[in-house]
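I opened the notebook to look at the ligand site first, then at the cavities and a pocket. Here is the structure I worked from.

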Amino acid sequence: MTDKFLEQLRQIIDQQYILTADHDKEPYLTDWRKRYTGKALAIVLPRTSSEIAKIVHLCASNNICIVPQGGHTGFCGGATPDQSGNQIVLNLKRMNSILQIDEANQTITLEAGCILQNIQEAAAAKGFLFPLSLGAEGSCMIGGNLATNAGGTNVLRYGNTRDLCLGLEVVTAKGEIWNGLKGLRKDNTGYDLRDLFVGSEGTLGIITAAVMKLYPLPISQWTTLVAVDDVRSTIALLNLFQKRATSLLTGFEMMTNESLVLTHKHFPQMGNPLKGNPPYTVLIELSDHESEAHVRQLLEDILQDAFESELISDAVIASNLSQANAFWHMREHITLAQAEEGANLKHDITIPLSALDDFMRDTDALIRAKYPGVRIINFGHLGDGNLHYNIAAPQGVAPKEFNRLNEKPIHELVYAQVERFRGSISAEHGVGQLKLEGLRAHKGEVAHELMKSVKRALDPQNLLNPHKVVSI
Ligand SMILES: Cc1cc2nc3c(=O)[nH]c(=O)nc-3n(C[C@H](O)[C@H](O)[C@H](O)COP(=O)(O)OP(=O)(O)OC[C@H]3O[C@@H](n4cnc5c(N)ncnc54)[C@H](O)[C@@H]3O)c2cc1C
């Protein structure tokens, strides 16, 4: 059966784009965090949506499931196939054309395999900002960003990927092509199909192209690092910036001292320029379309207020673009430093800002009491209430062994706290296979059943990314 299937596949797509040898398949089979390794019948690299539609038909008639894949940088194992060896990985990297930049409509239309950084650069070349930005932007793809509704560092001002998307083209589980590539900011014509596919993690359809919003490129940007003593002051500082800088506030990232110590350990060139290792370092960015001097003055005024109200104890303003980039790199390298340190227990959570201080104090205390010596690598897009609440084994303890013994109870403890404070167990990374089990309890019976009904309606054969997000 397998040979016949592959033979039919070769009639749809040139055989050089169907990888079946083990060494060719290998780079597509393990997720970025190295938590999951799967098997696949083949890695298929299509070039067009009509090829994908034909592949879906073929897979449907052979009962072969499809795992859509972009840059494979997701944190929840969503793009990694299972162990059966009876799935194909459909990687969209060859669908990487920018189809149109519509300057009057301020939109960009592109294929799903475009790498995020290339999109930012193409937009900038035309004087526009494409605001989605995250640490994996050199390799993640817009199809993956849409499928996970990625967040990143600009959500505070521009929203999640969902908020940036105006239209989609999708190949459905029935092998039809839905062309919803309209760049409309208003379109109240019944159910929002676009919103159904955004964030569906490849379980409802294969996103092949999208129309995304562009914004005028800011001409002035100032970035600062400030030292803060506690979470309560950090939130008061955020509120101060929200009130005074309003929409000019484009970044507000919190990093604990433990996170930066770890970053410095693995990337010694990335030292915190603030003196005395403050408990919390906050990166703040203001952007504007007016003169540099105007934004700089506003930033200095707000920092002055913050000093006087004793919300901050030290501040460094980046004096040029390369220093600003160095501040952002320090923030982005926390994730990379964690990967260097070894497996750790990640919790990508949101908590209402008003409850964040209590959540952190309570949860830190519970964790430290039960697991003495653990390192809480805590950082996040605080402006969005999004915390990466990650637990690393105590110094000198093998991470794998620590995680094997403690993963389940630590997840349970953190997620119980998330429920208690009415937060979410996945702020921006999605569900994939990692949080499949936890989702039911978190969403509640009614919401979980509704999600299953949607999956059954759109993919009755359970062909697309089965056992990710929901199992039917
Ligand atoms: C260093 C680092 C920093 C990160 N920072 C952030 C961050 O700040 N914010 C954030 O949200 N995430 C972050 N991530 C996670 C990850 O980069 C995002 O989830 C990203 O959106 C995934 O894109 P991808 O192309 O790699 O998708 P993949 O990992 O390939 O796939 C992710 C999911 O989407 C599905 N999928 C992929 N392409 C398609 C498609 N065309 N159609 C349908 N389904 C598809 C897959 O089946 C899978 O379920 C980070 C990751 C790394 C490694």
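How far from an oxygen atom of the ligand does a backbone N or O atom of Pro-68 lie? I get 2.6 Å. That counts as a polar contact, which I take as a pair of N or O atoms within 3.5 Å; within protein, one must be able to donate a hydrogen and the other to accept it, and residues adjacent in sequence count only if both atoms are side-chain atoms.

Ground rules before I go on. This is a predicted model, where local features need pLDDT of at least 70, side-chain atom pairs count only at pLDDT 80 or more, and totals for chains, interfaces and linings use all residues. Residues are numbered from 1 along each chain as its sequence is written, and side-chain values use heavy atoms, with hydrogens and water left out.

**Entry 1**

Gly-70 puts a backbone N or O atom 2.7 Å from a ligand oxygen atom, and for Gly-71 a polar backbone atom is 2.8 Å from an oxygen atom of the ligand. Next I checked burial: the ligand taken alone exposes 980 Å², and the protein buries 97% of that (Shrake-Rupley areas, 1.4 Å probe; for residues, only the protein chains shown count as cover).

The shell around the ligand holds 37 residues, with Pro-68, Gly-70, Gly-71, Thr-73 and Gly-74 the closest (a residue is near if one of its heavy atoms lies within 4 Å). I sorted the shell by class and found 15 nonpolar, 20 polar and two charged residues. For the classes, Ala, Val, Leu, Ile, Met, Phe, Trp, Tyr, Cys and Pro are nonpolar, Asp, Glu, Lys and Arg are charged, and the others, Gly among them, are polar.

Which element gives the largest share of the shell? It is α5, with five residues (DSSP runs numbered from the N terminus: helices are H or I, at least four residues; strands are E, at least two). Domain 1 (2-91) and domain 2 (98-216) each give the shell at least three residues; the bounds come from an automatic or database domain assignment.

**Entry 1: cavities**

I used a 1 Å grid over the protein atoms alone: a cavity is a set of points where a 1.4 Å probe fits but cannot get out, a pocket is an open set with protein on both sides within 12 Å along at least five of seven lines, and lining residues have an atom within 4 Å of a point. Two cavities of 30 Å³ or more turned up. Points are joined across faces, edges and corners, and volume is the space filled by probe spheres set on them.

Where does the second largest cavity lie? Domain 2 (98-216) and domain 3 (220-341) both give residues to its lining, so it lies between them. β13 (249-256) gives the most to this lining, three residues.

I noted about 670 Å³ for the second largest pocket. Of its 32 lining residues, Arg-162, Gly-199, Ser-200, Lys-443 and Met-451 are closest to its centre. The lining divides into 14 nonpolar, eleven polar and seven charged residues.
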